Amino acid sequence: SKREIKMRKFDSTKVRPLKSEQLLHIEDHDFALRPGFGGSPIPVGIDVQVESIDSISEVDMDFTMTLYLRHYWKDERLSFRSNKNKSMTFDGRLIKKIWVPDVFFVHSKRSFIHDTTVENIMLRVYPDGNVLFSLRITVSAMCFMDFSRFPLDTQNCSLELESYAYNEDDLMLYWKHGNKSLSTDEHISLSQFFIEEFSASSGLAFYSSTGWYNRLFINFALRRHIFFFVLQSYFPAMLMVMLSWVSFWIDRRAVPARVSLGITTVLTMSTIMTGVSASMPQVSYIKAVDVYLWISFLFVFLSVIEYAAVNYLTTIEERKQLKKRGKASGMYSIDAVQAMAFDGCFHDTDVDMDLSAFPEPCEENETRASETNISSVDTTRLKRKKSLRGNVGRIILQNNHVIDTYSRIIFPSVYIVFNFFYWGLYI
């Protein structure tokens with residue numbers, strides 16, 4: 001019928017569309033050459049929108065960033081007639097048929113264009129020949145980091161863009177909108193860093209074999225969050241140092257207690273230092289955290305050396321006292337405080353002990369005492385209890401060496417001064 005014929009006539013799906021190649025006249029030009037070949041350099045404007053900073057690696061000294069990279073230039077060979085002066089938008093299939101800037105990332109380790117579900121490439125051509133070329137790229141690039149103030153550091157990294165083949169005589173790279181050419185997502189955040197600023201800059205790079213090239217810089221400053229390292233490194237180190245000071249209040253005759261405490265704190269400090277070093281690159285200079293941990297380790301180590309000095313000087317004093325008292329029937333008469341140095345057990349000050357009994361274990365001494373009559377044992381126990389109640393405090397005070405007394409004041413004071421100096425210097 002006439003109605004069906006009329007509907008078929010205006011059915012747009014049946015009309016054969018024009019090819020973009022015919023509309024843009026691509027086959028009439030050689031796009032292997034840049035626009036305006038042989039003349040002045042072609043200006044190519046750049047603007048960047050940073051979508052995210054995916055990771056920062058101290059060990060590899062690099063960062064990974066996802067961004068939208070947009071190029072602006074004019075190629076009169078792509079101009080076309082348009083009654084409504086509207087642009088045409090194409091996907092990545094047209095890129096291989098026309099000329100596009102060969103911008104690459106300097107110092108990049110790996111990069112790729114996202115291709116889900118198709119390649120994230122957009123090409124927009126305007127009737128006057130102006131072109132917008134946009135890519136969505138993830139790039140990993142080097143960042144030359146300085147860890148001398150780690151973890152109280154601020155790192156300055158940059159992503160550099162440059163033409164690979166065209167020097168400044170053929171192509172001029174510039175920021176399209178000046179400082180406003182670089183924009184960022186408001187929700188960008190990192191677990192260990194706070195992003196202080198983003199900025200755009202430009203410069204020139206010289207290569208001896210090919211000449212000068214325009215280079216663009218995406219600069220950003222990262223300040224590290226300190227709270228994580230305070231919980232994982234600084235605070236445990238402080239506790240270990242303060243724990244090592246407990247030995248100054250323990251009786252100098254309690255050898256197992258003081259030695260085990262010193263060795264435990266030394267090993268714990270070594271574990272903390274190893275854990276921090278494992279997550280850092282093997283740099284040849286000293287980091288701020290190394291200064292703090294090594295000074296803390298030194299304090300713990302000196303507390304062990306302090307007790308070694310106390311024990312050694314105590315032994316020398318006792319030998320001098322034994323020589324002054326002389327010998328009585330081939331045996332020395334010494335008090336309970338001196339006896340503890342030999343057998344590690346407490347004895348009453350009222351009971352004299354001979355030297356031949358010290359090498360024997362405490363259980364054997366008690367067994368021999370049980371062989372005596374019951375009345376003498378009960379009397380001895382009563383005396384022992386009274387002696388302990390009245391003289392424990394006096395015995396502890398008498399057993400404090402002068403080195404322990406000074407250490408209780410010097411060690412905390414010096415450590416507090418060190419902390420004030422350290423945090424004032426690096427913060």
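How far apart are the end C-alpha atoms of helix 3? They are 25 Å apart; at 1.5 Å a residue, its 18 residues should span 26 Å, so the two values agree. The expected span here is 1.5 Å times one less than the number of residues.

Before I go on, some ground rules. This is a predicted model, in which local features need pLDDT of at least 70 and side-chain atom pairs count only at pLDDT 80 or more, while totals for chains, interfaces and linings use all residues. Residues are numbered from 1 along each chain as its sequence is written, and side-chain values use heavy atoms, with hydrogens and water left out.

The chain has 9 helices and 12 strands; these are DSSP runs numbered from the N terminus, helices being H or I of at least four residues and strands E of at least two. Of its 427 residues, 39% count as buried, meaning under 20% relative accessible area with a 1.4 Å probe, protein chains only.

Back to helix 3. It has a kink of about 35 degrees at Y234, shortly before the proline P236. That bend is the angle between axes fitted to the seven residues ending there and the seven starting there. Y234 is also one of the buried residues of helix 3, which include F229 and M240. The buried residues of helix 3 pack against strand 12, helix 4, helix 5 and helix 9, where contact means heavy atoms within 4.5 Å.

Now helix 9, residues 402–426. Its 25 residues should span 36 Å, and its end C-alpha atoms are 36 Å apart, which agrees. Helix 9 bends by about 30 degrees at R408, and the proline P412 follows within four residues. P412 is buried, as are F411 and Y415, among others in this helix. The partners of the buried residues of helix 9 are helix 3, helix 4 and helix 5.

Next, the strands. Strand 9 pairs with strand 1 in the parallel sense over 5 bridges; pairing requires at least two DSSP bridges. P43 stands opposite M172.

Last, the core. The largest nonpolar core has 81 residues, and I46, V48, F63, L123 and L159 touch the most other members. Such a core is a set of buried Ala, Val, Leu, Ile, Met, Phe, Trp, Tyr and Cys residues joined through side-chain atoms within 4.5 Å. Leaving aside neighbours within four places in sequence, the contacts of L123 include M88, F90 and F133.

Conventions:
Buried < 20%, exposed > 50% of the residue type's maximum accessible area, 1.4 Å probe, protein only.
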